Amino acid sequence: MHPKASLTPVRSLPTHLADLSALINSTIFLPTTPPLLASLLEQLNPVVDSLYQTRFSDYGAVVSTLKLLEEELIHANSLVRAPGGPHTGLLQLSVREIGHRLGLVLDAWVDVPVEVKEGVEMLKDEMEGVRFESNAKKNAEVVADVEDLVVRVKTGDEEVIGNAGVEIGRLIEEGVLVPEECAGLISALFSRICLVKSDCRVKILSVLRRLAGYSNDNKEKISSLKSLSCIVRSLSRDEEERREAVGLLVDISDLSVVRQRIGRITGCIVMLVALQNGDDSIAKNDAEKLLGILSYSTQNVLLMAEAGYFLPMVHHLYEGSDMNKILMASAISKMLLTEQSKTILGELGSIDPLVKIFTGGNLEAKSSALGAIHNLSSSPKNIKLLLDSGIITPLFQLLFSVTSVLMTLRDPASSLLATLAKSEGILLHKSVPLKTLSLLNLSSASTKLNLLNALTRITSHQNSKRARTKLIENGVRHLLLPFLTSQNKEIRVAALNLLFNLSKDCTEELNEPFLGETHIDILVKVVTLQLAAESEKTAAIGILGNLPVNDENLTEILMKANLVPVLVYLLGIRISNKLLVERIAGLLIRFTIPSNKKVQNAAVANGVISSLVKILSEGSIVAKAKAAFSLSQLSQNTPALSKTKSSRSFHLYPSSETRCEVHGGYCTVKSTFCLVKAGVVSPLVKILEGNEREADENILEALATLMQDEIWERGVMAIEKASGIEAITRIVEVGTLKAQEKAIWILERVFRIERNREKYGKVVQVFLIDLAQKGDQILRPMIGKIFSHLQLLQLQSSYFGDDS
C-alpha cells in the first residue's frame, strides 16, 4: 500500500523561540567557545527576540526555517564541546551554514521591519564570510597551494591528480578554502573527469563530494548541466564509481536547480531505477533517496514508471491533486506493461485509488481510470483485487447508463467485464450473469461481443452450473438465436461458444429439448458449409456432441443432413486442431451407440472406424478416450454380426484361415466392426502404456469387448499378442478406481488360463496383494477370484473369507 507519513510532535512558536534562545546562550557561555563565535551569537539574540513581536503570513515557512537554523546551532554547539577544543575548519563551516540558514529565515519573514532586516542581512553576511584563522601568511600559503593544485589537476597524470585530491581534502578539513579557490578546483576536476580511468574518477567524485559538503556555493558550482551530465554518466560504471556518483547527486539535491536539471538528463532516471533495483545496498539506498526527492515532478514520476519504478506513481494516485491523479491513470492506460509490472502495480496498491477515481470522477477521470484498470486487469492477481474492490456495481451503473457522454465508455467497460469474467471469483457476484444478459439487446456490435465473451467465460467455470441454469431459465437460448446468424463472424462464434457451455448440462431428463429444430438446422449448416470458419464448426460440433445421444429424432435429423461424412472429412484435413478433433470424437459417440445398428452401419460405411483409429494415434488424450468409447460401442455388436456373417457367407470362405482369430466368424471392418480386423488392439495397448491416464477406462472397456463369454479365451490371446497383459497389470497399480475395476475384470479372465498364471502370476500378485490391503473394498471379490486362480488359498481366505 501507499507509504504513511510519520507523525512528529509540533511545538508552538513561543516554545520554539525559547528553545532557540536557550541554545544560543548555552553556546555563548561555554568556556571553549571562540570569542568571534560568541560575538556573532550575541548579535543573533536580538533577532530571535524580534520574532516574538511579529505576525507571519506564512507561519509554516517560518517555523520550518527556524528548525533548520536550530539544527545547525546544535551542530556548532557540539563542535565547541568537542574534546581538545573545537576543530577550527569544521567550526568555520558550521558558522557559515548558520549564516546561510539565517538568510532562509529572513526570506520567510515577510513582515520584517526595515531596520531589523538590515541588521539581519549584515549578520548573515558576516557569518557566511567568517574566518577563524587570521594569520595572513598562512592564508597566502593556502592560496598559493590551491593555485598549484589547480595546475596539477589540469595537467598531471592520474597519480598526480590522486595526490592533489588528498591535498584538497586536507585543505577542506582545515576550513581554509575561499569560494574563489573552490571554483577553480571544481572547474579543474570536471575538466579531467571524463578523460581518466575509473579509479581516478572515483577519487575525483570523492573530492567533489567533500567540496559539496564544504559550502552551498560549491554545490551550485557543481550543478551546471554539463557537470551533472558528467556525474550521471558515472552511474552506469563500476561499483565504486556508481556509489560516489549517486552519493554526490544526493549531496547536492537540496538545491532546486539540481532537482530540475537531473530529471532532464537523458537516461538519468533509468540508471537510478537500475541502481535502486541492484544488489549494492549503499548505491541502492542513495538511488531510492534521490528518486524520492525527484518525485516532486510528475514528469519524473512518469519517467520512473517507464523504467519500472512505480511507487511514486502510486503515491500520486493516493495523494496527488485531481489533475495529477488523472495524469497518472492516463499514463498507466497507455503504458506497455509486462505482466510482472502489472502485478507489481497491483501489489503496490494502485487498484483501490483507480477504482475510486472511476467511481467518483467526471468523464475524463472515468475514462482515464477505466483505461488504466483495463490495462492492469490482464494480471490474474489484479482481477482478484478488482473483484474485491467493489468495481462491479459502478461498472454496471455505467453499462446501464443512458447518458450520452457515459455511453461512449460502454465498449471499454464491457471489455473490462469480459476480462473480469476470466476469474471464477466473478461467480460470487451472483447478479452479474442476468444483468449481462439483459444488456445484450441494448448494445452496439462491439459491446455485444464483449458481453457474449463475458457470459461465455462465466459459464465456462467449473462451479458455474447455477449461473448456467439461471441463464437458461431466463430465456438465453431464444435470445441467442439471432446471434447465430449474425453477419458479424466474431459475434456468431461468441454466441456458439456460449451455447456450447450452456449445453454441458443437457440430459435426457430435461422437460423439453434443449434446442429447437431451428437451432439444430443452423448448427448443421455451420458444420456442413465450407464457408463457415473453423472456430464456428468447432463450437457447433461441440454443442451437438453435448446433446443427449439417445434422442433418436435428433440422430435422424443429423443422419439426413449427411453429417457423418462431413465429420470424417474434417478429421482428415484438420487432425492437428486439437479441440475440433476432441469435439468430433465426442459427436461420433452418437452414431455408434449399440442400440441403433442401422446408424452404426451407416457410420461405418462412411469411414468412421478408420477415423477413430487415426484419432487413437494422433489425437489428444481426451479425443483418444472418446474414440475408444465409440470403438467399444461398435465392438459390442461384433460377435452377433460375426455369427450372422459366417452363416450367410460360409460357402464363400471354405478355409478356416480366413476366420477372425477372436470372433471365430468371417469378420471385416465394415460388416462386423471388428477391432481385430481394424488393427485397433495395439494402438489401444500403446495408450495404456503411456503416462496420461484420462483414457484408461474407455480403453479397457474397448478391450473388454474382446473377452465376452463366448470369445474370452481368444480375446486374451489377442491382447497378449499385443503385449497388453503387462499394460493392463500396470493400470492395477496406477489407474483410477474404475480403471482398476475394469483391469481386474480382464485379468481374472487372463488367469483362468494356466500358461498365463505361470507367465504373469508372480508379477501381478505383488500389485494385487497391495491393492487388497490398501485398495477399495469393491475390488476385493474380483481379486479373490484371481487369488483362487493363482492358488493363493491362504491369501484368499485371509482377505476374503472362506466363501469368496
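Student: In this predicted model, is the crossing of H16 and H18 left-handed or right-handed?
Tutor: Helix H16 covers residues 298–306 and helix H18 covers residues 322–334, and the two pack with their axes 11 Å apart. The angle between them is about 25 degrees. The handedness of the H16 and H18 crossing is right-handed.

Student: How are H16 and H18 oriented to each other, roughly parallel or roughly antiparallel?
Tutor: H16 and H18 pack at an angle of about 25 degrees. Angles under 35 degrees count as roughly parallel. H16 and H18 are therefore roughly parallel.

Student: How many of the residues in the contact of H16 with H18 are charged?
Tutor: On the H16 side stand Thr-298, Val-301 and Leu-302, which meet Asn-324, Leu-327, Met-328 and Ala-331 of H18. The residues of this contact divide into 5 nonpolar and 2 polar. The number of charged residues is none.

Student: Is the crossing of H21 and H25 left-handed or right-handed?
Tutor: Helix H21 (residues 363–376) and helix H25 (residues 410–420) have axes 10 Å apart and an angle of about 25 degrees. H21 and H25 are therefore roughly parallel to each other. Their crossing is left-handed.

Student: Which residues of H25 make the contact with H21?
Tutor: The residues of the contact of H21 with H25 divide into 5 nonpolar, 3 polar and no charged. H21 contributes Leu-370, Ile-373 and His-374. From H25 come Pro-412, Ala-413, Ser-415, Leu-416 and Thr-419.

Student: Are H45 and H46 roughly parallel or roughly antiparallel?
Tutor: The axes of helix H45 (residues 737–750) and helix H46 (residues 754–774) come within 11 Å and cross at roughly 150 degrees. Angles over 145 degrees count as roughly antiparallel. H45 and H46 are therefore roughly antiparallel.

Student: Which residues of H46 meet H45?
Tutor: The crossing of H45 and H46 is left-handed. The residues of their contact divide into 6 nonpolar, 2 polar and no charged. Gln-740, Ile-744, Leu-747 and Val-750 of H45 meet, in H46, Asn-756, Val-764, Leu-768 and Leu-771.

Student: Which residues are the closest to the centre of the largest pocket?
Tutor: The largest pocket has a volume of about 690 Å³. Its lining consists of 28 residues. The closest to the centre are Arg-96, Glu-97, His-100, Ser-215 and Asn-216.

Student: Which helix gives the most to the lining of the largest pocket?
Tutor: Helices H3 (59–80), H4 (88–108), H8 (179–193), H9 (198–214) and H10 (216–222) each supply at least two lining residues. With 8 residues, the helix that gives the most is H4.

Student: How many residues of the lining of the largest pocket are charged?
Tutor: The lining includes 12 nonpolar residues and 7 polar ones. The charged residues number 9.

Notes: Residues are numbered from 1 along each chain as its sequence is written. This is a predicted model: local features need pLDDT of at least 70, side-chain atom pairs count only at pLDDT 80 or more; totals for chains, interfaces and linings use all residues. Side-chain values use heavy atoms; hydrogens and water are left out. On a 1 Å grid over the protein atoms alone, a cavity is a set of points where a 1.4 Å probe fits but cannot get out, and a pocket is an open set with protein on both sides within 12 Å along at least five of seven lines; lining residues have an atom within 4 Å of a point. Grid points are joined across faces, edges and corners, and a volume is the space filled by probe spheres set on the points. Helices (H or I, at least four residues) and strands (E, at least two) are DSSP runs, numbered from the N terminus. Ala, Val, Leu, Ile, Met, Phe, Trp, Tyr, Cys and Pro count as nonpolar, Asp, Glu, Lys and Arg as charged, and the others, Gly among them, as polar. Axes are lines fitted to C-alpha atoms, for helices over the stretch in contact, and angles run from 0 to 180 degrees between N-to-C directions. Angles under 35 degrees count as roughly parallel, over 145 as roughly antiparallel, 65 to 115 as roughly perpendicular and the rest as oblique. A crossing is left-handed if the near helix is turned anticlockwise from the far one by less than a right angle, and right-handed if clockwise. Contact means heavy atoms within 4.5 Å.
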